[in-house]
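Dear colleague,

Please find below the structure that I am handing over to you. My findings follow it.

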Amino acid sequence: MTILWDSSALISLLDETRSTHEAALECYWRLREEGELQIISSIAISELAVKNNPEPIFLEFGFQVQDFNIRHALEAANVKKITMVDKQLRSEQNTRAVIVNDSQIIGQALAEQVDYILTEDQNTFCKTVSKLHSKLGMSLQALLLSDDPLGKIGYTQRLLPLDI
């Protein structure tokens with residue numbers, strides 16, 4: 001199984017004041033213990049670096065960094081085209097097109113055959129992936145960090161105490 005962490009989930013992993021910090025820690029350590037591949041996009045790193053120091057991601061956690069390449073760009077272009085043509089693929093509250101970075105991360109995940117994207121963005125990212133999932137029959141799914149992501153992928157017992 002491959003899980004791609006969105007920038008919002010990475011922020012929760014680093015920021016102890018976020019309400020989903022413990023859930024992010026639990027996800028990271030449980031998935032690592034289970035041997036699941038956890039990746040981050042170079043795009044998510046750039047988003048993270050706008051307001052946060054990304055160094056702890058590299059020093060404290062063992063993510064595989066996935067650089068954005070031409071295969072990813074072409075898949076992202078397809079995602080963008082689909083969402084531009086079919087306005088129903090956007091959240092009803094979202095009156096603008098899907099954010100370019102979201103299209104790129106979704107395209108990258110599709111090109112790399114990622115199973116899940118872990119995020120905190122339920123208003124645009126989760127809804128867009130869910131609607132693309134239904135329309136295209138793709139296997140990629142977005143998991144909301146605050147909505148028991150480990151349970152949704154089949155892990156039910158806690159591996160570590162929450163005071164990590």
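A pocket is here an open set of grid points with protein on both sides within 12 Å along at least five of seven lines. The model is predicted, and its second largest pocket holds about 160 Å³ of space. Ten residues line this pocket, and those closest to its centre are Leu13, Glu16, His21, Glu60 and Phe61. Helix 1 (7-14), helix 2 (21-33) and helix 4 (55-60) are the elements that each contribute two or more residues to the lining. Helix 2 supplies the largest share, with three residues. Sorted by class, the lining comprises seven nonpolar, one polar and two charged residues.

Trp5 and Tyr28 are both buried. Tyr28 also pairs edge-to-face with Trp29, at 4.9 Å centre to centre and 85° between the planes. Tyr28 has a relative accessible area of 1%, whereas Trp29, at 24%, counts as partly exposed. Trp5, Tyr28 and Trp29 belong to one aromatic cluster together with Phe61 and Phe63; Phe61 is also among the residues closest to the centre of the pocket described above.

As to cysteines, the count of disulfides is zero. Cys27 is buried at 2% relative accessible area, and Cys126 is likewise buried, at 13%.

With kind regards

Notes
Residues are numbered from 1 along each chain as its sequence is written. This is a predicted model: local features need pLDDT of at least 70, side-chain atom pairs count only at pLDDT 80 or more; totals for chains, interfaces and linings use all residues. Side-chain values use heavy atoms; hydrogens and water are left out. On a 1 Å grid over the protein atoms alone, a cavity is a set of points where a 1.4 Å probe fits but cannot get out, and a pocket is an open set with protein on both sides within 12 Å along at least five of seven lines; lining residues have an atom within 4 Å of a point. Grid points are joined across faces, edges and corners, and a volume is the space filled by probe spheres set on the points. Helices (H or I, at least four residues) and strands (E, at least two) are DSSP runs, numbered from the N terminus. Ala, Val, Leu, Ile, Met, Phe, Trp, Tyr, Cys and Pro count as nonpolar, Asp, Glu, Lys and Arg as charged, and the others, Gly among them, as polar. A disulfide is a pair of cysteine sulfur atoms within 2.5 Å. Buried means under 20% relative accessible area, exposed over 50%, partly exposed in between (1.4 Å probe, protein chains only). Rings of Phe, Tyr and Trp (its six-membered ring) pair if their centres lie within 6.5 Å; planes under 30 degrees apart count as stacked, over 60 as edge-to-face and the rest as tilted.
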